[in-house]
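Dear colleague,

Please find below the structure that I am handing over to you. My notes on what was found in it follow directly after.

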Amino acid sequence: MVTVLEILGGLSLSAWIYLFIFHGRFWRADQFLSQKESALTSWPSVIAVVPARNEADVIDQSISSLLNQDYPGPFSIILVDDHSEDGTSDVAISCGQKHPKGTQLRIIHSEPLPSGWVGKMWAVNTGVTDALPQEPEYLWLTDADIQHQPQVLRDLVQKAEQQKLTLVSLMVMLHCKGLWERLLIPAFVFFFQKLYPFPQVNNPQSQISGAAGGCMLVRRTALEAAGGIASIKGEIIDDCALGQRLKKQGAIWLGLTKQSFSIRPYGGIHGVWKMVARSAFTQLHYSNLLLIGTLFGLAILYIVPPALILGYPWHHDFSAAILSLSAWVLMAITYIPTLRLYSQSFWQAVFLPVAGILYALMTFDSAFRYWRGKGGQWKGRSQAQTTP
């Protein structure tokens with residue numbers, strides 16, 4: 001007779017077999033921009049739009065990296081100060097004044113946040129609106145805590161031009177130095193790839209879309225045809241919402257990079273927890289039913305294998321333990337490419353269940369914050385819709 005534990009172990013193994021073979025090759029972490037010599041003979045105009053709110057500690061590095069781009073075509077930068085209280089604008093002005101290319105930088109200030117807009121999107125819209133009269137062929141939407149190597153814009157534009165893309169987006173390297181970051185950040189990137197399999201996002205025939213908000217090169221005409229930034233004005237997961245709209249206008253591409261990276265530490269588990277709790281329940285469309293299904297799925301994937309293996313001295317179900325061990329091994333195999341991306345040891349793959357459990361708790365906390373009317377909190381604003 002098949003036991004309940006064998007069924008659970010079998011479900012876990014079946015789920016990992018499906019993810020390994022049939023889920024868009026997400027786990028290979030192999031979608032990268034080409035680093036070949038640029039082949040374009042003419043380079044289109046680009047304006048970078050950088051929304052910034054209380055970024056004084058990182059804005060000098062971020063803006064300097066933009067000014068240091070070796071882009072051959074017309075390029076300028078608009079920094080939108082979103083009511084910062086820490087002197088972000090002053091630091092950015094100083095950066096521009098001391099940099100040889102400082103005239104490429106303009107600093108503007110966003111108006112008070114209108115009803116129905118998420119703060120970041122209002123700041124981005126302010127910058128895009130300011131840029132549109134110049135009719136740039138591309139808008140480079142990048143965050144104020146991201147630092148780019150000098151060739152990044154050149155590579156982005158070359159990709160977009162050669163493949164006629166409406167969007168080229170990079171999942172930047174996230175800060176990954178402390179103990180908690182090493183445990184949680186590669187896992188976060190792994191889960192993001194699982195949720196939005198990059199090869200499927202990059203397949204024009206697939207309905208799957210996605211983007212990473214830290215670095216998005218957007219074709220201006222496609223953005224206008226999609227309704228502009230106003231079409232995603234209330235979206236907390238704004239990058240993926242924009243990717244969805246732009247894929248309706250043409251092919252998009254989402255990839256990984258080691259040339260762009262976040263320069264702000266998360267400050268331990270609290271920073272990562274806050275990042276995930278901000279948007280996890282939004283990803284589930286504020287559905288309690290989807291929340292239950294997600295937590296059940298995370299339990300099957302990440303709790304069942306270690307629980308049945310470590311619990312073998314008590315339940316003595318050998319078949320269940322073997323099924324769970326197979327699931328855990330397959331889980332670890334799929335995780336190794338992402339660990340390599342972050343220069344982490346392969347043996348850390350065995351701890352993915354710990355990260356999975358923590359992310360399940362973060363997801364529940366995201367829902368709990370929403371139920372309390374504090375969903376989507378970020379930089380002092382609560383931006384998620386409230387419960388009826």
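A residue is called buried when its relative accessible area is under 20%, exposed when it is over 50%, and partly exposed in between (1.4 Å probe, protein chains only). Please note that this is a predicted model, in which local features need pLDDT of at least 70 and side-chain atom pairs count only at pLDDT 80 or more, while totals for chains, interfaces and linings use all residues. Residues are numbered from 1 along each chain as its sequence is written, and side-chain values use heavy atoms, with hydrogens and water left out.

Salt bridges

A salt bridge here is a side-chain nitrogen of Lys or Arg within 4 Å of a carboxyl oxygen of Asp or Glu. By this rule there are 12 salt bridges. Helices (H or I, at least four residues) and strands (E, at least two) are DSSP runs, numbered from the N terminus.

Asp130 is paired with Arg106, and their closest N and O atoms are 2.0 Å apart. Because Asp130 lies in helix H4 (residues 119–131) and Arg106 in strand S3 (residues 105–109), this pair ties together parts that are 24 residues apart in sequence. Asp130 has a relative accessible area of 26% and is therefore partly exposed; Arg106, with 38%, is partly exposed too.

Arg264 forms a salt bridge with Glu55, with 2.5 Å between the closest N and O atoms. This pair links distant parts of the chain, 209 residues apart: Arg264 is in the loop between strand S8 (252–262) and helix H10 (269–283), and Glu55 is in the loop between strand S1 (46–52) and helix H2 (59–67). Glu55 counts as buried because its relative accessibility is 6%. Glu55 and Arg264 also belong to a network of salt bridges that includes Asp57 and Asp145.

The side chains of Asp70 and Arg154 form another salt bridge, at 3.5 Å from N to O. Asp70 lies in the loop between H2 and strand S2 (75–81) and Arg154 in helix H5 (residues 152–163), so parts 84 residues apart in sequence are tied together.

Helix packing

Helix H11 (residues 288–310) and helix H14 (residues 352–371) pack at about 165 degrees, with their axes 9 Å apart. Axes are lines fitted to C-alpha atoms, for helices over the stretch in contact, and angles run from 0 to 180 degrees between N-to-C directions. H11 is therefore roughly antiparallel to H14, a term used for angles over 145 degrees, while under 35 counts as roughly parallel, 65 to 115 as roughly perpendicular and the rest as oblique. Contact means heavy atoms within 4.5 Å. Among the residues that meet are Leu291, Leu295 and Tyr302 in H11 and Ile357, Ala360 and Phe364 in H14. The residues of this contact divide into 13 nonpolar, three polar and no charged. In this classification Ala, Val, Leu, Ile, Met, Phe, Trp, Tyr, Cys and Pro count as nonpolar, Asp, Glu, Lys and Arg as charged, and the others, Gly among them, as polar.

A buried residue

Val201 is found in helix H7 (residues 198–201). Val201 is buried, because its relative accessible area is 0%. Leaving aside neighbours within four places in sequence, the contacts of Val201 include Ile208, Ile252 and Leu254.

Yours sincerely
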